[in-house]
Amino acid sequence: MTSTTKPAIALVRVSTSEQGKSGLGLAAQEAAIRAFAAAEGFELVEVVSEVASGKLGIEDRTGLRSALAKAKKLRCPVIVAKLDRLSRDVAFISGLMAKGVPFIVSELGADVDPFVLHLYAALGEKERKMIGARTKAALAAKKAQGVVLGNRTNLADAQAKGHAANAARAAEFTARVLPTILQLRSQGMTLDQVAEELTARNIATLNGASWHKSTISRLLKTFG
């Protein structure tokens with residue numbers, strides 16, 4: 001380690017033993033973290049791999065606990081590729097912050113405000129609930145119509161998957177643009193000015209259209 005580099009611990013996680021054995025997802029996460037570390041002047045002391053559900057508590061996440069312990073000893077941050085590699089649960093992220101070990105999400109950057117991290121976690125949590133609710137509603141509607149559920153080729157299953165995909169796409173898009181909108185609003189910009197700024201930055205809406213005052217207003221009322 002040179003005098004200009006900073007130590008860090010990398011954490012990569014997948015949810016199933018099959019993914020853990022095959023390496024699916026782990027290699028991509030590590031590559032993203034290594035690219036980020038090189039660009040930001042971090043040197044990875046160790047890469048901790050974990051095969052565990054993101055729904056588990058910290059005490060049940062052996063990989064995460066190991067990464068936190070090593071980072072605390074070295075007084076360095078834990079770096080993950082995406083926030084959901086830690087958790088989609090707001091309370092979990094808050095509890096993790098309280099541990100006193102800083103963590104960095106490479107796709108969000110090295111200097112993200114804690115408020116923004118909470119916001120992303122809240123959006124992830126909302127996304128999960130939206131997908132679950134829409135899937136249940138679609139299945140319940142088809143069941144009421146007499147459709148026999150359980151067949152993976154039936155219409156209800158296809159519709160439920162479609163709703164879930166749309167909800168995930170909308171939540172991911174919102175997670176990307178909402179912090180920018182909130183930042184512009186904090187600078188005193190009106191909704192019209194925010195729309196103009198987003199357009200100037202070539203940031204399109206979810207459907208690829210231009211931004212308008214009403215579009216931003218609806219987004220802020222729903223998620224802001």
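**Reading the core and the aromatic pair**

Author: Leu96 touches Ile58, Leu64, Leu68, Leu86, Val101 and Phe103, leaving aside residues up to four places away in sequence. The model is predicted.

Reader: How many helices and strands does the protein chain have?

Author: There are eight helices and four strands in the protein chain. Along the sequence they follow the pattern β-α-α-β-α-β-α-β-α-α-α-α.

Reader: Where do nonpolar side chains tend to be in soluble globular proteins?

Author: They tend to be buried together. Here, the largest nonpolar core has 19 residues, and Leu11, Leu64, Val78, Leu86 and Leu96 have the most contacts inside it.

Reader: Which helices and strands each supply at least two residues of this core?

Author: Strand S1 (6-14), helix H3 (62-74), strand S3 (78-80), helix H4 (90-98) and strand S4 (103-105) each do. H3 gives the most, with four residues. Of the 224 residues of the protein chain, 36% count as buried.

Reader: What describes a pair of aromatic rings?

Author: Such a pair is described by the distance of the centres and the angle of the planes. This structure holds one aromatic pair. The ring centres of Phe36 and Phe42 are 6.3 Å apart and the planes are at 15 degrees, so the pair is stacked.

Reader: Are Phe36 and Phe42 buried or exposed?

Author: Both Phe36 and Phe42 are buried.

Reader: What sits over the ring of Phe42?

Author: The charged end of Lys6 does, 4.3 Å from the centre of that ring.

How values were computed: Residues are numbered from 1 along each chain as its sequence is written. This is a predicted model: local features need pLDDT of at least 70, side-chain atom pairs count only at pLDDT 80 or more; totals for chains, interfaces and linings use all residues. Side-chain values use heavy atoms; hydrogens and water are left out. A nonpolar core is a set of buried Ala, Val, Leu, Ile, Met, Phe, Trp, Tyr and Cys residues joined through side-chain atoms within 4.5 Å. Buried means under 20% relative accessible area, exposed over 50%, partly exposed in between (1.4 Å probe, protein chains only). Contact means heavy atoms within 4.5 Å. Rings of Phe, Tyr and Trp (its six-membered ring) pair if their centres lie within 6.5 Å; planes under 30 degrees apart count as stacked, over 60 as edge-to-face and the rest as tilted. A charge sits over a ring if NZ of Lys or CZ of Arg is within 6 Å of the ring centre and within 35 degrees of the ring normal.
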